[in-house]
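I opened this model to look up its helices, strands and loops. My entries follow in the order I made them.

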Amino acid sequence: ALADELSRLLKADRFLAYILEEALRVLAEDGSQRLEQLSQGRYALSCEKQEFFVVDHWSADEVRSVRTLSGGESFLASLALALA
């Protein structure tokens with residue numbers, strides 16, 4: 001069973017998807033720490049299925065797409081990810 005699972009995960013397309021997902025998760029984690037500092041604790045980042053989301057701590061931890069951020073908020077999120 002373990003060998004079958006490893007074989008399935010190590011197929012070229014699935015392995016690359018796994019590596020990408022893990023890299024984005026780490027990027028979101030580090031970027032989240034930086035965004036919280038830049039936004040004075042208001043925003044954090046998360047990543048699911050290769051898409052970024054913002055957590056608004058001032059709005060009951062509402063999770064929403066980063067596409068809903070204003071221009072200034074988008075700049076802060078982009079800066080946080082670039083610094084990460």
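**Entry 1. Ground rules**

I am working with a predicted model, where local features need pLDDT of at least 70, side-chain atom pairs count only at pLDDT 80 or more, and totals for chains, interfaces and linings use all residues. Residues are numbered from 1 along each chain as its sequence is written, and side-chain values use heavy atoms, with hydrogens and water left out.

**Entry 2. The nonpolar patch**

Helices here are DSSP runs of H or I with at least four residues, strands are runs of E with at least two, and both are numbered from the N terminus. α1 covers 2–9 and α2 covers 12–38, and each supplies at least two residues of the patch.

I listed the members as Leu2, Leu6, Leu9, Leu10, Phe15, Leu16, Tyr18 and Ile19. Together they have about 810 Å² of accessible area on the surface. Accessible areas come from the Shrake-Rupley method with a 1.4 Å probe, and for residues only the protein chains shown count as cover.

I noted the patch rule: residues need over 30% relative accessible area and no salt bridge, like charges are joined within 9 Å, and nonpolar side chains (Val, Leu, Ile, Met, Phe, Trp, Tyr) within 5 Å. A salt bridge is a side-chain nitrogen of Lys or Arg within 4 Å of a carboxyl oxygen of Asp or Glu.

I checked one member, Leu2, which sits in α1. Leu2 has a relative accessible area of 65% and is therefore exposed. The classes are buried under 20%, exposed over 50% and partly exposed in between, with a 1.4 Å probe and protein chains only.

**Entry 3. The sheet**

I asked in what order the strands lie in the sheet. Three strands form an open sheet in the order β1-β2-β3, with antiparallel pairing. β1 and β3 are the edge strands, since each pairs on one side only. Neighbouring strands are turned by 35° against each other on average, direction ignored. For that angle, axes are lines fitted to C-alpha atoms, for helices over the stretch in contact, and angles run from 0 to 180 degrees between N-to-C directions.

I counted two strands as paired if DSSP finds at least two bridges between them. β1 (residues 43–48) and β2 (residues 51–56) are joined antiparallel over six bridges. β2 and β3 (residues 62–65) also run antiparallel, with four bridges.

I followed Phe53 across the sheet. Phe53 in β2 stands opposite Ser46, and its bridge partner in β3 is Ser65. I also found Glu48 opposite Glu51 of β2.

**Entry 4. Positive phi in the hairpins**

I kept one rule in mind: most residues other than glycine have a negative phi.

Lys49 lies in the loop between β1 and β2. That hairpin has two residues between its strands, and Lys49 takes a positive phi near 50° there. Lys49 is exposed because its relative accessibility is 77%.

The hairpin of β2 and β3 has five residues between the strands, and Ala60 takes a positive phi near 55° in it. Asp61 is in the loop between β2 and β3 as well. Phi of Asp61 is near 55°, a positive value in a residue other than glycine. With 43% relative accessible area, Asp61 is partly exposed.

**Entry 5. Other residues of the β2 to β3 loop**

Trp58 belongs to the loop between β2 and β3. Its relative accessibility is 56%, so I put Trp58 down as exposed. The C-alpha atoms of Trp58 and Gly41 are separated by 8.5 Å, with the two residues 17 apart along the chain.

Ser59 is in the loop between β2 and β3 too, and is partly exposed at 32% relative accessibility. Ser59 and Leu24 are 35 residues apart along the chain, and their C-alpha atoms are separated by 25 Å.

The side chain of Asp56 makes a polar contact with the side chain of Arg42 at 3.1 Å. A polar contact is a pair of N or O atoms within 3.5 Å; within protein, one must be able to donate a hydrogen and the other to accept it, and residues adjacent in sequence count only if both atoms are side-chain atoms.

Ser39 lies in the loop between α2 and β1. Ser39 is buried, at 7% relative accessible area. A polar atom of its side chain lies 2.8 Å from the backbone oxygen of Leu35.
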